[in-house]
Amino acid sequence: MKNKILVTGGAGYIGSHTCIALHQAGYEIVVYDNLSNSSREAVNRVASLIGQPIDFVEGDIRDTDLLRQVFSDNQFFGVIHFAGLKAVGESVAKPLMYYNNNVSGTISLLEVMAEYDVKNLVFSSSATVYGDPEVLPIDESSPRSCTNPYGQSKLTVEHILEDLAVSDESWNLIPLRYFNPVGAHPSGQIGEDPNDIPNNLMPYISQVAVGKLSKLSIFGNDYPTIDGTGVRDFIHVTDLAQGHVAALDYLLSYLEQQTSIEEHSSNKKSSIGFLPINLGTGTGTSVLELVTAFSKVSEQDIPYQFVSRRAGDIASCYASADKARDLLNWQAKLSISDMCQDTWRWQKMNPNGYNLA
Ligand code: NAD
Ligand code: WQD
């Protein structure tokens with residue numbers, strides 16, 4: 001075993017896939033999740049996929065006593081921090097809930113990490129921090145701004161991490177800015193399990209394809225894009241999961257290098273500080289292109305209608321993935337067709353998600 005990692009929000013969509021990737025890469029994991037947007041069944045399925053039980057703690061990141069207990073029971077190398085609420089519309093209706101969970105929750109986690117001198121963090125940030133980008137593809141130095149409380153909570157955490165890195169040089173803080181995660185584990189055992197009617201495009205399409213929903217509404221066909229529909233950088237969740245392993249591997253080798261520099265010279269060991277990295281494919285795909293690809297892979301008709309633009313949406317968003325390639329030696333490998341294929345398999349095998357009733 002390489003190193004022990006605390007995975008907050010590890011029962012969720014991206015967290016569960018990342019747990020598998022971490023295990024396969026030789027990391028030991030402890031999952032900490034309050035199951036507010038996930039189920040114990042996801043953790044059970046990850047355990048069965050990796051062939052061993054998961055060390056799981058049901059708890060809230062704002063519960064500092066419980067966090068302290070977990071930190072005193074384990075020697076962590078670092079934390080991957082997925083725990084957070086993520087529905088943009090809900091955040092507009094319940095901003096305090098979002099700031100409390102996402103911002104206060106992260107502060108609570110960081111305080112306990114500091115107490116136990118665990119100062120390595122990979123944080124789930126989002127391309128939403130770039131707002132409506134002026135230049136495409138978007139690189140990490142692009143200006144940041146947000147228009148909704150969810151995005152603002154991610155941006156605020158990024159600012160907190162930047163301040164923390166300035167205040168104490170021993171922190172290593174890597175916010176990974178995800179573009180549009182889609183897809184599912186190729187086994188069909190774990191995937192995205194939205195509550196109620198999905199807000200996001202891919203789960204909506206797959207529920208239309210399987211017959212749970214009758215028709216997709218496409219929000220706008222008058223954007224300045226290839227076919228008038230919105231363009232996004234869809235990334236397969238298993239590629240995204242590998243991006244987290246790459247970030248930890250990078251951090252480990254960086255710290256090893258620093259230790260050897262310190263041993264062989266009088267130079268002081270330096271840390272990474274605040275290091276934001278995009279996780280995207282670098283390629284934009286339009287809403288209509290995704291619908292066509294899904295229809296082809298699933299061999300299902302996907303009825304759709306054009307409706308007006310959704311408030312707050314932008315025309316196009318795709319990443320420059322160069323920094324992740326150059327620094328982490330990571331690149332997304334899977335295609336739009338793979339993303340559709342794996343989503344479709346998960347949808348067909350689990351028409352009610354993790355709800356087994
Ligand atoms: P998810 O809701 O499936 O997973 C989040 C997990 O965190 C859930 O299991 C939930 O129960 C848990 N959680 C929430 N609040 C908690 C708290 N206070 N204490 C303990 N556990 C808590 O979401 P996801 O899609 O896997 O996203 C993971 C992270 O990535 C989130 O922070 C999200 O904001 C961020 N992100 C997601 C996307 C996306 O499109 N899915 C894009 C960019 C960033
Ligand atoms: C994609 C495209 C829609 C649904 C959101 C969050 C972002 C990040 C990822 C967490 C857009 C169109 C959608 C539908 C449609 N999450 N669409 N009909 O908005 O790019 O990003 O999820 O950090 O913060 O904002 O993703 O999947 O909702 O939309 O036409 O029923 O699909 O207009 O062009 P988005 P999405």
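Which residues are linked in a network of salt bridges? The network joins R144, E158, E162 and R177. A salt bridge is taken here as a side-chain nitrogen of Lys or Arg within 4 Å of a carboxyl oxygen of Asp or Glu, and the structure holds 16 salt bridges.

This is a predicted model, in which local features need pLDDT of at least 70, side-chain atom pairs count only at pLDDT 80 or more, and totals for chains, interfaces and linings use all residues. Residues are numbered from 1 along each chain as its sequence is written, chains are lettered from A and ligands numbered from 1 in the order in which they are written, and side-chain values use heavy atoms, with hydrogens and water left out.

| Salt bridge | N to O distance |
|---|---|
| E158 and R144 | 2.7 Å |
| D313 and R310 | 3.1 Å |
| D65 and R68 | 3.2 Å |

E158 forms a salt bridge with R144. This pair links distant parts of the chain, 14 residues apart: E158 lies in helix 6 (residues 149–167), and R144 in the loop between strand 5 (120–126) and helix 6. Helices (H or I, at least four residues) and strands (E, at least two) are DSSP runs, numbered from the N terminus. E158 is buried at 0% relative accessibility, whereas R144 is partly exposed at 27%. Buried means under 20% relative accessible area, exposed over 50%, and partly exposed in between (1.4 Å probe, protein chains only).

D65 and R68 are three residues apart in helix 3 (residues 64–73), which means that about one helical turn separates them. D65 is exposed at 56%, and R68 is partly exposed at 27%.

In the remaining tabulated pair, D313 is partly exposed at 25%, and R310 is partly exposed at 36%.
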